[in-house]
Amino acid sequence: EQARAGLKPLRPGERPTAVTVGAIAAAALALANLIALVFGYNSGDDAVSPGSDLTGTLIVTVLLMVVAYGMWRARYWAVLGMQTLLALTIVVCALALIQAVNAWAFVLVTIILLASGALFWFLIKAMARIQMPERPGSQRTG
């Protein structure tokens, strides 16, 4: 209750910094997926058929674009979706550290893990502010 009392409701049109960073990150990843698709980057999995690789890339790209748009508009569902994607990224990166074959792979995965974890952490408070209802009898200032 004490933590909730310390939260300030969002002003109309306000977007927490963490949500803005998350929206930009999601949009950048969607753009990176499209660029990789255009230039024919292959993830290296030869067992996957070319059609499913295209379908998977398009699904992930559309998902990231929807999340980026929703976060830009400070929608709770979008922040929750981004946190789900971040949680999956954290788990995959933690498992990838086990199989890091060289120092570069270790450093890259560690950077992704730390950035994902930090954004996840900062989005928790932002989610609380986004879903926070107006308190009865409270005066809105500013």
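Trainee: S116 lies in helix α5. What is the relative accessibility of S116?

Mentor: Heads-up: this is a predicted model, where local features need pLDDT of at least 70, side-chain atom pairs count only at pLDDT 80 or more, and totals for chains, interfaces and linings use all residues. Residues are numbered from 1 along each chain as its sequence is written, and side-chain values use heavy atoms, leaving out hydrogens and water. Buried means under 20% relative accessible area, exposed over 50% and partly exposed in between, with a 1.4 Å probe and protein chains only. S116 counts as buried because its value is 8%.

Trainee: At what angle do the axes of α4 and α5 cross?

Mentor: Helices are DSSP runs of H or I, at least four residues, and strands are runs of E, at least two, numbered from the N terminus. Axes are lines fitted to C-alpha atoms, for helices over the stretch in contact, with angles from 0 to 180 degrees between N-to-C directions. Those of α4 (residues 76-98) and α5 (residues 103-131) come within 9 Å, and the crossing is roughly 155°.

Trainee: Which way does α4 run relative to α5?

Mentor: Angles over 145 degrees count as roughly antiparallel, under 35 as roughly parallel, 65 to 115 as roughly perpendicular and the rest as oblique. The α4 and α5 axes cross at roughly 155°. That makes the pair roughly antiparallel.

Trainee: What is the phi of A74?

Mentor: A74 is found in the loop between α3 (50-72) and α4. Its relative accessible area is 14%, so A74 is buried. Although A74 is not a glycine, its phi is positive, at about 55°.

Trainee: With which residue does the T20 side chain make a polar contact?

Mentor: T20 lies in helix α2 (residues 17-38). A polar contact is a pair of N or O atoms within 3.5 Å; within protein, one must be able to donate a hydrogen and the other to accept it, and residues adjacent in sequence count only if both atoms are side-chain atoms. For the T20 side chain, the partner at 2.9 Å is the side chain of R15.

Trainee: How many helices does the protein chain have?

Mentor: From the N terminus on, the elements run α-α-α-α-α. There are 0 strands, and the helix count is 5.
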